[in-house]
Structures are given as structure tokens and as C-alpha cells.
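I set down here what I looked up in this structure, entry by entry.

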Amino acid sequence: METPLTRSIAPEKAPPDLAQYEKAGGYAALRKALRMAPGDVTAAVKEANLRGRGGAGFPTAQKWSFVPMGDDAPHPKYFICNADEMEPGTFKDRLLLEGDPHQLIEGMIVSAYAVQADVGYIFLRWAYKLAAQRLEQAIAEAYHRGYLGRNIAGSSYSLELHLHVSAGRYMCGEETALLNALEGKRANPRAKPPYPQVSGLWGKPTVVNNVETLCCVPHIVNKGAAWFKNLSRSGDGGTKLYGVSGRVKKPGLWELPMGTPIREILEEHAGGMRNGYRFRGLLPGGASTDFMIADHLDVAMDFDSMQAAGSRLGTGTMIILDDRTCPVGMLHNLEHFFAQESCGWCTPCWSGLSWVEQILKGLEDGKGEASDLERLQSHARLLSPGHTFCALAPGAAEPLQSGLKYFRDDFDRHIREKRCPWRS
Amino acid sequence: MLSEEEKQEIEAQSQHYPTTRALCIEALKIVQEHRGWVSDEGIADVAEALQMAAAELEGVATFYNMIFRKPVGRHVILLCDSVSCWIMGYDRLREHFRARLGIGLGETTADGCFTLLPNVCLGACDHAPAMMIDSTHYQDLDPDRLDEILAKYRMEEIREEKKEKRGPADGNTADP
Amino acid sequence: MATIHIDNRPYPVKEGENLLQQCLSLGFNLPYFCWHPALGSVGACRQCAIKQFKNEEDKHGKIVMACMTPATDGARISIEDPEAREFRASIIEWLMINHPHDCPVCDEGGECHLQDMTVMTGHTYRRYRGRKRTFHNQNLGPLVNHEMNRCIQCYRCTRFYRDYAGGRDFDALVLRNEVYFGRHQDGTLESEFSGNLVEVCPTGVFTDKSLKQHYTRKWDFQTAPSVCVHCGLGCNTIPGERYGTLRRIHNRFNGAVNGYFLCDRGRYGYDFVNSERRIRRPALRNNRSEPLQPISKGEAVQFLAELLANGTRIIGIGSPRASIEANFALRTLVGPERFYAGVSEQDGRLLASMLDILGQGPARSPSLHEVELADAVLVLGEDVTNTAPLLALALRQSIRRQPQKMAEKMHIPHWNDHAVRAAVQQEQGPLFIAAIADTKLDDVATEMFRGVPDDLARLGFAVAHAIDPRAPPVSDLPDTMRTLADTIAKALKAAGRPLVVSGMGCANVAVIEAAASVAWALCNTGHAAELCFAVPECNSLGAAMIGGAHLELAFETVLGTAAYTGIAADTVIILENDLYHRADAAAVDRFLAAARNVVVIDHISHATSARADVVLPAGTFAETDGTLVNNEGRAQRFFQVFVPQGDIQESWRWAQDLITAAGADKDDPWLNLDQVTAACAASIPGLQPILRAAPTANFRIGGQKVPRQPHRYSGRTAMLANIDVHEPEPPEDPDAPLSFSMEGYPNHPPPALNPRFWAPGWNSVQALNKFQDEVGGALTGGDPGVRLIEPLPAGKVGYFTNIPSAFERRAGEWLVVPLRHIFGTEELSALAPALAELAAKPYLALNPDDAAELGLATGDDSQLQLQRNPGQKYRLPVRLEPGLQRGSAGLPVGLPVLAGIAVPAWGKVTGVGQETPS
Ligand SMILES: Cc1cc2nc3c(=O)[nH]c(=O)nc-3n(C[C@H](O)[C@H](O)[C@H](O)COP(=O)(O)O)c2cc1C
Ligand code: SF4
Ligand code: FES
């Protein structure tokens with residue numbers, strides 16, 4: 001089984017430096033890409049059927065294709081790597097950032113070349129201190145070696161790359177809020193349209209892609225779209241970093257073919273539930289995905305299959321709910337997170353989520369009433385995509401609506417017994 | 001007034017951004033790095049240096065949680081309270097802190113050594129529960145591990161104090 | 001035009017505009033908060049949710065925000081869709097969970113958009129059981145009250161204050177459901193437009209602090225359409241009265257003039273009407289060593305009638321702050337050749353020159369709205385924020401025109417406010433500011449130039465020459481100025497709607513002529529330029545059109561020093577004018593002493609009235625009707641708000657009474673305002689159109705007048721019950737088609753007669769929507785006012801050639817130049833307690849280098865002596881103004897103790913205690 005993204009990563013060791021990375025075939029994709037027309041790079045990525053790993057699964061090449069190209073296109077154009085990774089339960093980009101920074105940098109340069117971007121930013125969350133160090137080091141090496149800066153590798157293409165370390169807030173991961181954060185403003189999201197590809201950072205054409213997405217790009221250029229598609233067990237191309245946290249025997253992160261079934265990840269890789277704990281459900285791709293339960297264990301973890309099963313692939317890092325953890329408490333924890341991280345821009349989000357949090361707290365504290373469930377239900381419905389300004393609140397509604405569906409009995413018990421049955 | 005060092009660091013960052021305004025978050029971080037937190041004076045200093053309105057800068061500073069607009073202790077403990085850590089025992093750790101340090105979330109120990117803050121997911125979910133103290137990550141925590149870690153910081157503090165008392169003449173500044 | 005289907009019915013809409021605005025324009029009651037016609041859409045509140053369907057087959061549809069969705073031909077939407085309704089109801093419920101239940105004690109109660117929208121969406125019962133979040137409030141100064149708990153996080157306040165008005169000391173802080181709208185710390189809001197927060201905020205977070213001093217609910221105000229009297233722009237207002245006191249000013253939308261906003265001088269200046277300094281009774285003194293004694297109206301008229309009959313040689317002095325009718329009536333009383341304009345020779349020349357330029361030249365004077373549409377601007381010599389504040393607000397919008405075109409190219413509609421701002425970033429259209437000192441618009445200026453008035457004029461002439469070589473060149477022009485002139489010329493020529501702004505602020509005719517030359521040069525080279533002059537008073541242009549010789553000539557006439565005019569005089573009637581604001585105190589003293597009889601008709605006592613022999617109480621704008629001509633040359637009618645107590649009456653009625661009593665009557669006495677207006681229109685060339693400024697007093701709709709009291713007016717039968725249980729009959733109003741009662745035509749009158757904006761279900765200021773054909777556009781029936789002055793076609797007028805020579809510093813002497821202040825410079829508003837607190841205090845401004853040379857620092861006492869009157873010494877604290885040209889000194893003219901000092905003038909500056917160098 002091929003693991004192109006993580007093959008050079010040894011978690012306890014320092015990442016490959018430039019020389020080591022090159023020795024392992026690194027920056028060959030860049031050299032190759034620079035000999036291709038920018039449009040051909042995009043075409044290869046399209047052919048490979050790469051979908052964004054940031055959570056929404058948007059086809060990457062399609063996203064790039066909205067960037068104005070040609071002589072009269074506005075400049076500078078910007079290319080941004082979204083390394084904000086703050087989705088609870090998610091720890092995949094961190095591995096790529098710490099483990100093989102050159103892979104990401106190469107991915108960024110190649111991708112930036114495809115849209116003829118002039119300036120790149122890696123938007124990194126503040127907590128990833130080690131990643132920051134290693135990225136700085138790698139960026140410096142790349143500049144030194146002529147992979148960044150003017151006339152990259154002797155070509156006529158130039159790219160500046162900067163590392164921006166965020167000052168916190170989940171909201172910054174939303175691509176348009178990220179732009180505001182980079183501009184030194186409050187990280188409120190921006191209206192779409194206009195899309196960032198047309199009017200983004202400082203009003204200029206901008207692409208935002210996730211770390212994992214970008215790490216795939218050099219391999220596609222190197223080995224071709226067909227190879228990339230073949231890595232997958234589903235229609236979406238490539239491998240995927242899957243993670244498991246919670247009370248399993250071996251929590252962790254693995255690069256596996258896209259479309260690996262949940263059960264396989266949970267049992268073969270994570271070793272199944274810890275002794276004394278039983279599986280009750282899971283959030284498949286971070287805090288903002290719908291709960292799944294035992295019925296779903298054979299669903300393939302790819303964008304379309306997960307959608308069909310009523311959830312989302314999200315970030316592909318699952319959180320396991322066991323039988324000794326209160327589902328209402330877990331939801332309370334999740335909704336507390338979302339309410340706290342709301343940027344305060346749109347009403348359903350800043351007000352609705354705080355109400356949801358209040359109700360869940362009430363249930364946990366034994367103060368629940370029957371009408372609370374209606375209220376929660378209606379919030380789950382009302383906070384749906386399109387109703388709110390950005391996807392934060394709809395993300396919060398996903399575990400809420402599915403939690404109510406799958407753990408209804410537990411909610412009822414809280415109200416009936418006027419206490420949380422898991423609290424002694 | 002910004003110190004020379006602060007000014008230089010901000011200046012260095014300015015190469016990464018086309019506008020002065022975009023520097024403001026970096027500048028706040030730099031001031032915090034030097035002063036521990038961003039006081040009203042810190043806001044005024046940065047606003048002046050970047051020619052921003054204080055209100056505007058305050059709007060930015062109060063948005064981001066890693067800009068501290070209140071004083072913090074010498075060490076800031078960021079205890080992850082997100083879902084995986086919550087499942088894996090966040091509550092116990094929080095209570096353990098209360099027992100050991102006598103502080104709850106958002107509080108600072110009387111000696112000014114530690115501030116305990118809740119924090120969103122630290123990206124260490126497979127090693128939950130997790131926390132950061134200053135820039136260091138700690139994972140797979142339980143109350144015993146916490147005690148060990150706290151003891152380490154306490155020891156360092158005592159060492160620092162002694163060093164200070166002995167003065168620089170002692171010469172030995174290398175960390176063992 | 002496009003057709004859309006709303007709930008399955010076709011409607012014509014404007015393609016590309018947002019659906020919320022279009023639905024509102026069609027008359028639908030679609031609730032909203034964050035959207036504002038002047039501020040655009042940002043999609044924050046989500047209150048305007050509707051359903052949009054892909055096509056006829058789509059039965060499912062999806063929720064969209066009407067304010068963020070462009071109207072496209074064939075679009076199908078539903079307002080009534082149950083899901084959309086439910087969502088809108090939820091929004092209100094969410095907004096209300098934290099909103100205090102304090103409507104009964106909230107100043108916004110009864111005119112609260114949040115209240116209206118809550119009722120409209122049907123949210124009635126509370127289901128939220130949690131605690132409400134609470135905030136600290138800030139002390140934001142004397143104008144605006146802060147009550148953050150009521151906030152619904154619609155972001156309108158910051159969008160107005162910061163994005164629209166350029167204020168920087170107020171912002172959104174914190175996040176989630178704790179967003180705080182306020183200042184960095186307590187303190188007076190710095191923006192001159194802060195009072196608009198009161199109307200922009202859809203709930204009671206920001207309320208009028210001056211109203212708090214004498215609070216009244218909206219439904220208890222007696223109101224009438226009025227016009228602001230505190231500068232020359234003529235913003236439309238709605239003053240509100242209760243129990244005989246004027247209690248607040250609200251904006252009265254006029255799409256051509258002030259639109260949605262007022263400045264703080266205009267909003268808060270009204271309190272002078274309630275001042276203790278009001279003249280409320282006639283008074284007389286027989287002997288100048290005695291104080292004035294109150295007398296009855298009859299006695300006063302009788303006394304004056306005798307004076308007039310005894311062959312006294314009388315002259316009249318008019319006023320630029322009195323209405324056309326008041327001035328005309330006095331002119332009629334004394335005779336045109338004995339009528340003097342109430343302005344100094346200097347001001348008179350400036351006004352005459354402007355009238356001439358606007359009426360004889362090719363450049364048109366724009367309305368304030370048209371100023372917003374300009375896409376390249378030169379401001380020559382005017383500190384507009386301080387002399388014509390709303391003009392500054394309009395200019396702030398003009399700089400967005402060129403960038404907006406960039407956004408259009410990116411297919412971002414103009415109303416998508418944040419998207420436009422994100423797309424254009426710091427880009428802005430050209431705005432050049434040449435001024436005496438730094439101005440509050442400098443933050444958005446493309447380039448600035450500082451100089452004394454003559455040098456500003458030279459720059460203007462240089463620009464004109466750079467545009468059209470036929471305009472005379474400026475000799476000895478330094479290279480920097482030439483380069484700047486070229487840059488300005490280039491930007492103006494490249495624009496689609498270039499605009500030149502100037503005015504009386506510099507008190508320099510050359511500046512005005514230079515501004516005209518620039519505009520004319522543009523016109524003469526095929527660029528339709530507009531020319532906007534700021535004038536200081538509410539009827540500066542109107543009074544100038546009536547004419548009359550200048551004040552100094554009146555002085556000389558009485559003193560007998562005038563060169564032969566064929567006129568001698570010993571008695572003077574002064575109309576609504578404090579001459580000490582117009583001329584040097586010594587000159588006024590001499591004049592008043594020389595006149596045997598000094599009669600003052602005014603509403604406020606001042607230095608002039610204190611020295612009068614007879615004082616007659618006039619009504620303020622709130623107690624009278626009349627016509628004012630603003631800087632654009634637009635005649636607008638203001639209407640009486642309430643009936644004053646005692647003997648106060650219109651100045652023109654005093655004049656009429658005297659005419660009648662003296663038996664010197666024309667054929668018929670004037671019985672109402674219309675007759676005065678008509679007589680004036682008939683006899684003064686150019687004023688003919690004022691007849692059309694508003695409907696006449698006999699105008700009726702279905703036989704009814706327009707009621708000044710709303711139909712919710714409370715306590716009418718009880719207000720005087722302690723005196724008499726019989727309800728008094730409402731006073732008659734012979735002058736206006738408005739009644740002092742609740743009875744009358746209940747619907748929309750012609751816009752010039754609108755006493756309020758109210759519609760069923762719309763109790764807040766947003767009811768205005770129902771008075772516009774297209775929401776945000778002109779009032780239904782047309783924006784009020786008639787233009788009196790139109791330009792002559794291009795090329796008729798030769799360029800001005802009187803180019804001043806360059807300023808040269810003089811050793812030991814300073815050119816004293818005028819500085820103006822929004823609060824303090826204008827006489828009446830400075831009497832309002834809230835503004836008095838903010839008014840500028842006297843000072844002398846010096847360039848820091850000059851000050852250093854003089855050994856003076858900020859706050860030191862300096863002594864100023866003007867060359868023309870060295871005996872008079874002014875002791876003033878020093879203020880440093882880096883923008884001031886070296887060799888000049890700035891004097892804040894118009895402040896009470898500095899009123900009447902005519903500058904520019906040369907003078908000496910010394911430190912107090914220092915010897916005056918000989
Ligand atoms: C509230 C919120 C937080 C997000 N956080 C992240 C994040 O931390 N990292 C990320 O890559 N994408 C995040 N996203 C998704 C981004 O908006 C964006 O879709 C993504 O970066 C695009 O990259 P991709 O096309 O490569 O998937 C977030 C979205 C939302 C609504
Ligand atoms: S203060 Fe008023 S205008 Fe500002 S956000 Fe709150 S409700 Fe809206
Ligand atoms: S008015 Fe449309 S979202 Fe606020």
C-alpha cells in the first residue's frame with residue numbers, strides 16, 4: 001500500500017531537510033511543473049480528481065479554475081495554505097507540517113504556479129510551535145536553494161512565501177475569515193460571492209487550500225493523475241489521513257486509501273475499543289460532522305459515501321463516543337466550543353449557539369424540560385447552510401441534529417431523572 | 001513607547017505584509033512576548049506605531065484569544081477542553097489543578113506563577129488529554145503526570161530565583 | 001427593468017438591485033436590521049430571509065437573504081413561505097433573548113425598529129430561560145447615551161461611524177454574543193456625525209442625551225417640517241415640541257440634500273430655542289442709562305408708530321440668519337434704499353461674488369447628493385467639516401466612486417458593502433484639499449496643500465491654467481505648487497464628474513474666484529464640472545439675493561460720515577442680528593451710540609439687543625415659518641412647530657404691525673406668510689421660484705390640513721385640565737397648511753409638508769421607506785425645495801485675472817487668518833448646553849517654528865494686536881498648528897469673545913509679559 005504523503009515521516013525524528021527531501025525525489029515535481037503550462041498543472045489535478053481535504057471536499061482544480069488568468073489578470077495573486085487546523089478532534093495537518101515541511105512547500109509552489117500566484121502565505125495556528133520552527137527553517141532552505149523568490153529554479157516564475165502564525169480562534173480556519181485575519185482585521189467571514197479567487201486577500205485573486213490537499217499536488221504532478229486515482233478505493237483520488245481519538249486501544253493517524261471503511265480504520269488500525277468500553281457512536285471527521293452509529297461502520301470514508309450515509313467526511317479524523325461517556329455531555333462540550341468560537345457576525349450563530357449551549361448545560365445540570373428538546377431540534381434545523389453567514393453554525397448543527405436523532409433516549413433520561421445519569 | 005527590541009521585531013515582520021495595518025496582530029504578539037500581556041499601554045503603543053486607532057486595534061486584540069488583555073502569570077497553562085480531551089479526562093485534570101494550585105479556569109496563582117486557561121483542541125487528540133504550558137505541549141496526561149510537570153516548573157522557578165540572588169557574577173547561565 | 005415573481009405574482013423591479021430594497025420599494029413589509037439604504041448590505045442579521053426558487057417547478061426552494069441577493073429577471077421568491085416566516089421569527093427570538101425588557105423606560109420605546117420588527121414577525125412569548133448577558137455602558141460625552149445591553153449586534157453603528165463617516169474612535173470589540181460597540185475607553189465621541197447613531201441604531205443602544213433632559217415619546221411630539229438654521233447647507237429636519245419646549249431634532253430625509261444624516265451641530269443646536277436668553281416680551285427704555293423695561297405688545301407698537309410718524313429717519317438692517325420673508329418685510333418697512341444687508345462689507349463682497357459666479361458662469365452648483373456622486377474633488381480653502389459639516393460627509397462618499405467602478409468590473413454590486421470595501425481596500429478617488437490649516441478630511445485626501453488664503457487662490461489659478469491654457473498663468477509659481485497643480489488638473493480632467501468646493505471660510509474673494517476659474521476651465525474644456533460653495537448661515541444666499549448695502553455703510557449713514565448717498569438716518573431697526581458678530585466691537589459701539597433709536601427684533605438677547613432702546617421678541621425657526629436659500633441656491637420652506645407663549649411673533653409680523661401702525665401701509669396689509677412670500681417673489685428678481693418651495697397656506701387635501709400632532713398624541717384633553725377642563729381650541733394657523741392638532745389629513749402629504757415619518761407598523765425612523773417610491777431614493781412626489789440659480793452655458797464668462805501675489809512673511813508681523821469650529825463658531829448652536837460643552841475655547845494658533853521663535857509653547861498666553869486697531873489687545877492661549885504657513889496666525893473666529901473680528905488682517909503677536917517690539 002502506497003503512502004505518498006507520509007512515506008518520509010518518522011514521527012519521533014526530525015523531518016527531512018532539503019537535501020534529504022531532494023534525495024528522496026523532492027522538488028522534482030516542481031521542476032517538472034515549471035516546464036508545463038500552468039493550465040496543464042491544473043488539468044492534471046483535475047484529472048486526478050483531487051478534492052479539498054479541508055473538510056468540504058471541493059474539487060481543487062475547479063477552485064483554481066476561477067482564478068483570472070492571462071495578461072490582464074490582476075496582480076499580485078495570492079496563494080494561501082490553510083494550516084489553521086482547529087477543528088476539535090483533528091490532528092492530521094500537524095503531522096504533515098511537522099513531519100515533512102518541504103512536501104508542503106513544494107505543493108504550495110506547484111499549486112501557486114498553476115494559478116500564477118505571486119505571493120504565498122502559510123496560515124498556521126499558533127499552537128503548532130514545532131511546525132512553525134520547522135516551516136521557517138524549510139522556507140529559508142527553499143529560498144536559499146532558489147525554489148522560492150525570483151525566477152524559481154531558473155524559470156521565469158517567481159513566488160514569495162511567508163509564514164503567518166495566527167493569534168487564535170477557530171473562525172480563522174474559514175477561508176474568508178482567514179483573509180481578514182491576514183489583513184490584520186477581526187476574523188469575520190466575508191460574503192461569497194465574490195469568491196476569494198476573484199476578490200480575496202487585499203482584494204486580489206486568492207486561492208485557499210488545506211495542508212493535506214497541497215501535499216497531494218507534487219505527487220500528482222510527479223506520478224500522474226491515473227496513479228493518484230488508483231491510490232483510492234473510491235471515486236475521489238488519492239490517499240487520506242485518517243485519525244481516531246477517544247477510548248480506543250490505539251488512537252492515532254494513518255494514511256490509507258481514500259474510501260477505507262470506518263470499521264477497518266477503527267478495528268484494524270485503532271485496535272478497536274478499549275477493554276471495558278463499548279462503542280456507541282462517532283463523529284467521523286471532526287466536531288462539525290454528523291454522528292454515526294454502529295449501523296454505519298461499513299460506510300467507506302470518502303466524500304460521497306459519507307454524504308450518502310448522512311454525515312460528512314470532514315477532516316477524516318474521527319472521535320469515538322463510548323458507552324461510559326454521556327452523549328448529552330459530549331454535545332454540550334461541542335456546542336460550548338462552537339458558541340465560544342462564534343465570531344459574533346450573524347444572529348443565528350452568535351445567539352442561536354449560545355442558547356443551544358445553555359439548554360444542554362441545563363440538561364446536564366438536571367434542569368431540563370421537555371420543551372428543551374423541541375428547542376434543540378428547531379435549532380438543529382434552523383442553523384443549516386445558507387441560513388447563516390458562514391459554515392461555522394451549520395457545522396455546529398450537524399452533531400446536534402444527529403445527536404438528537406441517535407441518542408434521544410439519553411436526552412429523555414436527563415429530563416426524566418432531572419440529572420445526568422453519567423454523573424455520580 | 002515600544003522598546004527598541006519590540007520595534008525591530010515588528011520591523012522585521014513588516015517584510016511579510018504589504019500594509020502596515022496587516023502587521024497589527026504580529027505587533028500585538030510581539031508586545032505580549034516581551035511584556036507577558038497586552039495592557040492598555042501596550043494597545044496605545046502599538047496603535048501609535050502602526051498609526052491605527054486605538055479602538056480599531058482593541059477590536060482586533062479582543063477578538064483573538066491568544067492576545068491576553070489581562071495580566072497572566074509567569075507560566076500560562078492552556079488546558080485543552082475540546083471534545084477528545086473532554087472524553088479522555090479533562091474534567092479530572094481541571095479539578096486536579098484546582099486541588100494543586102488552588103485556581104480555577106481563568107485564574108492566576110497567588111504567587112503569580114501560573115495562569116490556568118481553557119483552550120480549544122490542541123491537535124493532540126490521539127494523545128488526549130493534552131495541554132500546553134507556554135510553548136511546550138504535554139500529552140497523555142493524568143493527575144500524576146500533572147504533578148510531575150508542575151514540580152518541574154516549580155523547580156525551575158526556585159533555580160531562577162537562586163540565580164537571581166547570586167547575580168550574574170556567577171557566570172553560569174547555561175541551562176543544565 | 002426586470003420582472004420577478006413574489007409569491008407567484010409578477011412585479012417589475014430594478015435589475016441588479018438587492019431584493020430587500022426592491023421588496024420594500026414594492027411596499028412589502030419585509031423585516032431587516034443590518035441593511036440600511038445608505039450603508040448597503042452586509043448580511044449579518046439574517047432577518048430579511050426569504051425563499052428563492054430555481055424556477056416554476058422548484059417547490060422546495062432555499063432560504064436566501066433578500067439584502068444579499070440581486071434581483072434578476074425571472075427570479076421567483078416568496079416572502080410568505082412558512083419556512084422563511086419561521087426563520088424570520090427565530091431571528092427575532094434570538095435577538096430578543098438577550099434584549100432587556102425595558103421598553104417602558106427605554107428612550108427608544110415607541111419609535112424602535114426592533115419593537116416594530118418583533119411585532120411584525122410575530123414573536124410574542126418568551127421561551128428563553130437563561131440569564132441575559134450584560135455589559136458596562138460608556139460615557140460617550142454630552143450628545144449620545146450608551147446602553148449596550150439593548151444591542152442586537154447588527155453592526156450598523158460601526159458601519160456608519162467608521163465606514164461611512166470615517167470616525168476612528170469607535171469600533172466593534174470582542175466576539176460571539178459578547179460583541180461590544182464602543183470606544184477604546186470612556187470619552188466623548190470624536191466624530192461630528194456621532195448623533196446619527198441615535199437614528200442609525202435600530203434599538204435603544206444609542207439615544208439622544210439632550211432629549212433626556214426633557215424626555216418625550218415620539219408620539220407626543222408636535223412636529224413640523226423644518227430646515228436647519230446652523231449652517232448654509234439647509235439640511236431638512238423634524239424638530240419636536242412638547243409643553244412649549246423644543247426637545248429634539250430628527251433628520252428629515254431629503255434625497256437631494258441631507259439624505260439620512262445630520263451633523264451634530266444641526267442635531268443638537270436646537271436647544272437655543274429653550275435658552276434663558278430668549279427674548280419673550282417687548283421691552284423699552286426711555287433713557288439709555290436705564291435698563292430695558294417690559295412693555296405690552298400694544299405699547300411697543302404704539303411707541304414705534306409714533307417714532308415713525310414723527311419723521312424719524314429710519315434705516316433697517318437685515319440678517320442672513322433670518323428668513324427671506326423677514327428680510328423682505330423689513331425692507332418693505334424701511335424702503336429698499338434704506339435697507340442694509342446684515343453682513344459686513346467683506347462678507348457682502350464674497351456673497352455677491354459667489355452669486356455672480358453661480359448665476360453667470362458655466363459651472364453648476366450641485367446638491368449635497370450630487371456632491372456624493374462626484375468622482376474627483378478639489379477643496380479650495382474650505383475646512384468643510386467645520387463650516388459645512390454634512391458636505392464633509394458627502395465628500396467622504398465621493399471618494400468611493402472611482403473604486404466602486406473597480407468593484408463593478410469584478411461584478412460586485414454597489415450595495416454589497418463589505419465585498420466592495422474588501423475588493424477596493426485602500427483605493428479611493430481623488431480628493432485634493434488646499435486649506436489654511438489641517439482639516440478633518442485630510443485622512444482621505446489624495447494630496448494636501450497648506451497656505452494662507454492668497455496662496456490657496458494662487459494654487460487654484462494655477463490649476464485652472466493647467467486645465468485650460470486660456471486661463472491666466474500664475475507668475476512666480478514654485479515648482480512644487482506647479483507639480484501639484486498639474487496633478488490636480490490631470491485628476492479633475494480624467495474624472496466623469498469633477499467637483500470644486502470652496503466657500504467663505506477663507507474670507508478671501510481671490511479664493512472664490514480661483515475656485516470658479518478651476519470649474520470654468522473644466523467646463524470650457526468639455527468637462528461638466530460642478531462648483532459648490534459653502535456659506536456660513538442658513539439664509540446667506542437668500543439674504544444676498546434680496547440685496548442691500550453692507551453694514552459699514554449703515555454705520556456711516558448714521559454717523560453721517562458716508563460719502564453722499566442721499567440718505568441720512570437716526571433710527572435703526574435691526575433684524576435678528578447681533579452686529580457684534582459682524583464688525584469690530586468699537587465700530588458697533590460708535591454706531592449704536594450715534595443712533596438715536598435702536599430697535600432690535602430678535603429671539604435671542606445679545607450684545608446688540610442689550611444696547612437697544614426697543615426690543616421686540618421674534619420667533620425662532622421653530623415658532624415661525626419662512627423660506628431659506630441654501631448654498632446650492634435651493635429655496636426651502638420651514639414651518640412653525642409650535643405656538644410660542646407671550647408676545648413672540650414672526651419678525652415679518654412685527655414689520656407689518658409697524659407698517660400698519662405708522663399708517664404707511666401698502667394697499668393691503670399682509671395677513672399671512674404667503675402674501676409676504678408672494679410680494680417678495682414679485683419684487684425681487686431671481687426669487688420668483690420661492691413660491692413653489694412648498695404648498696401655500698390654503699392648500700388642503702380633501703378639505704383637510706396636515707396635522708402637526710400624530711394620531712397617537714396623548715393627553716391633549718388632559719394637558720391643561722388643571723386649569724380648565726374644557727379643552728382649548730387648537731390655535732389657528734393662517735400661515736401654513738398645517739394644523740396644531742391631531743385632526744387632519746392622515747396620509748402622506750406632499751413631501752415639503754411632511755411633519756413626520758410614520759406608517760402603520762413602522763414607528764421608527766425606518767418608516768421613511770413608506771415615503772419613497774424607491775427605498776433610498778427621492779421622496780414620493782419629489783424632494784422638497786426649488787433651485788433658484790442655474791448656470792449659463794459654457795464659455796460666456798471670461799476668467800478672473802486678479803491673481804494675488806505670493807505671500808511673503810513680514811518680520812514681526814503675522815497675517816491673522818480665520819479658523820472655524822463646528823461647535824463655537826456658529827452663534828445660535830453655541831447656546832445649546834450640550835454643544836456649549838464641546839465648543840472651542842479662544843486660542844491663537846501658530847506654526848510651531850514661529851511659536852518657538854516667539855518663545856511660546858502650547859498653552860502660553862499670547863497677545864494679539866491687529867494693525868487696524870492696535871488699541872485692542874486680545875489675550876489668547878497658544879495652540880500649535882503644524883499646518884499653518886509660517887508667518888500666519890490662526891484665529892478661531894466667531895467664538896463669543898472673538899466675534900466680529902474681521903480677518904485676514906495683519907497683526908502683532910507677543911508673549912504676554914514680553915515687551916511689544918517697537
Ligand atoms: C469554521 C470553519 C473552520 C475551518 N477551519 C479550517 C481549518 O482549520 N483548516 C482548513 O484547511 N480548512 C478549514 N475550514 C475550511 C476552509 O474554509 C476551506 O474550505 C478550506 O481551507 C479549503 O481547502 P481545501 O479546498 O483544500 O479543502 C474551515 C471552515 C469553517 C467554516
Ligand atoms: S449598538 Fe445598535 S447599531 Fe450597533 S450593533 Fe447594537 S443594535 Fe446594532
Ligand atoms: S437585513 Fe438582510 S441580513 Fe440583515
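The entries below begin with conventions and then go through the topics in turn.

**Conventions.** I worked on a predicted model, in which local features need pLDDT of at least 70, side-chain atom pairs count only at pLDDT 80 or more, and totals for chains, interfaces and linings use all residues. Residues are numbered from 1 along each chain as its sequence is written, chains are lettered from A and ligands numbered from 1 in the order in which they are written, and side-chain values use heavy atoms, with hydrogens and water left out.

**Entry: cavities.** I searched the whole structure and found twelve cavities of 30 Å³ or more. A cavity is a set of points, on a 1 Å grid over the protein atoms alone, where a 1.4 Å probe fits but cannot get out; lining residues have an atom within 4 Å of a point. Grid points are joined across faces, edges and corners, and a volume is the space filled by probe spheres set on the points.

**Entry: the largest cavity.** I noted a volume of about 660 Å³ for the largest cavity. Its lining has 36 residues, and C:Asp347, C:Pro536, C:His581, C:Arg820 and C:Thr825 are the closest to the centre. Helix H10 (345-360) and helix H12 (384-387) of chain C are the elements that give two or more residues to this lining; helices (H or I, at least four residues) and strands (E, at least two) are DSSP runs, numbered from the N terminus. H10(C) has the largest share, three residues. By class I recorded 17 nonpolar, ten polar and nine charged residues in the lining. Here Ala, Val, Leu, Ile, Met, Phe, Trp, Tyr, Cys and Pro count as nonpolar, Asp, Glu, Lys and Arg as charged, and the others, Gly among them, as polar.

**Entry: the second largest cavity.** This cavity holds about 310 Å³. I found 25 lining residues, of which C:Glu199, C:His250, C:Asn251, C:Phe757 and C:Val765 are the closest to its centre. In chain C, helix H5 (197-200), strand S12 (236-242) and strand S13 (245-251) each give two or more residues to the lining. Domain 2 (102-212) and domain 3 (215-276 + 694-781) of chain C each supply at least three lining residues; domain bounds come from an automatic or database domain assignment.

**Entry: ligand 2.** I listed 13 residues around ligand 2, the closest being C:Cys151, C:Cys154, C:Tyr155, C:Cys157 and C:Cys201. A residue counts as near if one of its heavy atoms lies within 4 Å of the molecule. The shell comprises ten nonpolar, two polar and one charged residues.

**Entry: domains of chain C.** Which parts of domain 1 and domain 4 did I compare? The assignment gives domain 1 as 2-96 and domain 4 as 353-539. Their C-alpha centres lie 39 Å apart. Eleven residues of domain 1 are in contact with six residues of domain 4, contact meaning heavy atoms within 4.5 Å. The two domains bury about 560 Å² between them, 54% of it on carbon and sulfur atoms; buried area is the accessible area (1.4 Å probe) that two parts lose on being put together, summed over both.

**Entry: chain B.** I counted seven helices and five strands in chain B. Its domain 1 (4-63) and domain 2 (75-166) have C-alpha centres 28 Å apart. Twelve residues of chain B meet nine of chain C, and the buried area is about 910 Å², with 59% from carbon and sulfur atoms. B:Ala55, B:Thr62 and B:Phe63 lose the most area on the chain B side, together 42% of what that side buries.

Definitions and conventions:
On a 1 Å grid over the protein atoms alone, a cavity is a set of points where a 1.4 Å probe fits but cannot get out, and a pocket is an open set with protein on both sides within 12 Å along at least five of seven lines; lining residues have an atom within 4 Å of a point.
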